[in-house]
Every structure is written in C-alpha cells, then in structure tokens.
Amino acid sequence: MEKMGEANPNLDEFFPEKKRVRNPLVPVGALITAGVLTAGLISFRQGNSQLGQKLMRARVIVQGATVALMVGTAYYYGGNPWRPR
C-alpha cells in the first residue's frame, strides 16, 4: 500500500519535458503582459488616462507577441509540443 504523498515513478514517462522548458519566453511574455496591464490600471486609477491608454496599447502588442510565440512554438514542434525531437 502506497503512502500519501509518495511520487509515482511511472508518471515520468507521460511528462518527459515541461512546456516552459521548451519555450521559456512564453511565461516571460505573460509576466510582462501582466506588468504592463497592472501599470496601466494604476495610471487610470490615478487619473492619468493618457498614459493609461498608451500602456493598454502596449499591453495589446506584448500580448500579441506572446500569442505569436505560442503559435510559433506549436508550429515548430508540429502541433505537439511534448513530442520528443
């Protein structure tokens, strides 16, 4: 009988690599997107709507770049990012 909290060694064959190992730029892009969004919301709250608009436009550009990275990675790995090369 297995104890609670013991790792199942057979699960390693299902997850040979994690997604962030394949493309570390996607989480970085997501963090930058969240940072720009937060800065834009703070500037709106402080009443600086002009800066807020610029930051929201920058967020859209950064978010689009992140999505492009995700699509490019999926295309590069043939639609299956976990398939070993």
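**View 1. Asn23 and its contacts across the chain.** Setting aside residues up to four places away in sequence, Asn23 touches Leu69 and Thr73, where contact means heavy atoms within 4.5 Å. This is a predicted model, in which local features need pLDDT of at least 70 and side-chain atom pairs count only at pLDDT 80 or more, while totals for chains, interfaces and linings use all residues. Residues are numbered from 1 along each chain as its sequence is written, and side-chain values use heavy atoms, with hydrogens and water left out. Asn23 is found in the loop between helix 1 and helix 2; helices (H or I, at least four residues) and strands (E, at least two) are DSSP runs, numbered from the N terminus. With a relative accessibility of 12%, Asn23 counts as buried, a term that stands for under 20% relative accessible area, whereas exposed stands for over 50% and partly exposed for values in between (1.4 Å probe, protein chains only). From C-alpha to C-alpha, Asn23 and Thr73 are 7.3 Å apart in space, although 50 residues apart in sequence.

**View 2. The whole chain, as a setting for the close-ups.** The protein has three helices and zero strands, and its elements run α-α-α from the N terminus on. Of its 85 residues, 16% count as buried. The accessible surface of the protein comes to about 7100 Å², with 63% of that belonging to carbon and sulfur atoms; accessible areas come from the Shrake-Rupley method with a 1.4 Å probe, and for residues only the protein chains shown count as cover. Among contacts in the protein with a separation of 6 or more, 51% are accounted for by residues 24 or more positions apart. The mean pLDDT (the predictor's confidence in each residue, from 0 to 100) is 79 for the protein, and 64% of the residues score at least 70. Where pLDDT is low, the predicted coordinates should not be read in detail.

**View 3. Helix 3 and its buried residues.** Helix 3 (residues 49-76) has 28 residues and reaches 40 Å from its first C-alpha to its last, close to the 40 Å expected at 1.5 Å a residue, the expected span being 1.5 Å times one less than the number of residues. Gly52, Leu55, Met56, Thr66 and Thr73 are buried in this helix, and what covers the buried residues of helix 3 includes helix 2.

View 4. Thr66, placed in helix 3, counts as buried at 9% relative accessibility. Leaving aside its neighbours within four places in sequence, Thr66 is in contact with Val26, Gly29, Ala30 and Thr33, and helix 2 spans residues 25-45.

View 5. Ser43 is found in helix 2 (residues 25-45) and, at 4% relative accessibility, counts as buried. When residues up to four places away in sequence are not counted, Ser43 touches Asn48, Leu51, Gly52 and Leu55. Gly52, in helix 3, counts as buried at 0% relative accessibility, and, with the corresponding sequence neighbours not counted, Gly52 touches Gly40, Ser43 and Phe44.

**View 6. Leu41 and a nonpolar surface patch.** Leu41 has its place in helix 2 and is partly exposed, with a relative accessible area of 49%. Together with Leu37 and Phe44, Leu41 forms a nonpolar patch on the surface, with about 240 Å² of accessible area for the three residues together. Patches are made of residues with over 30% relative accessible area and no salt bridge, like charges being joined within 9 Å and nonpolar side chains (Val, Leu, Ile, Met, Phe, Trp, Tyr) within 5 Å; a salt bridge is a side-chain nitrogen of Lys or Arg within 4 Å of a carboxyl oxygen of Asp or Glu. The C-alpha atoms of Leu41 and Gly52, 11 residues apart along the chain, are separated by 6.7 Å. For Leu41 and Gln53, 12 residues apart along the chain, the C-alpha separation is 9.6 Å; Gln53 lies in helix 3 and counts as partly exposed at 38% relative accessibility.
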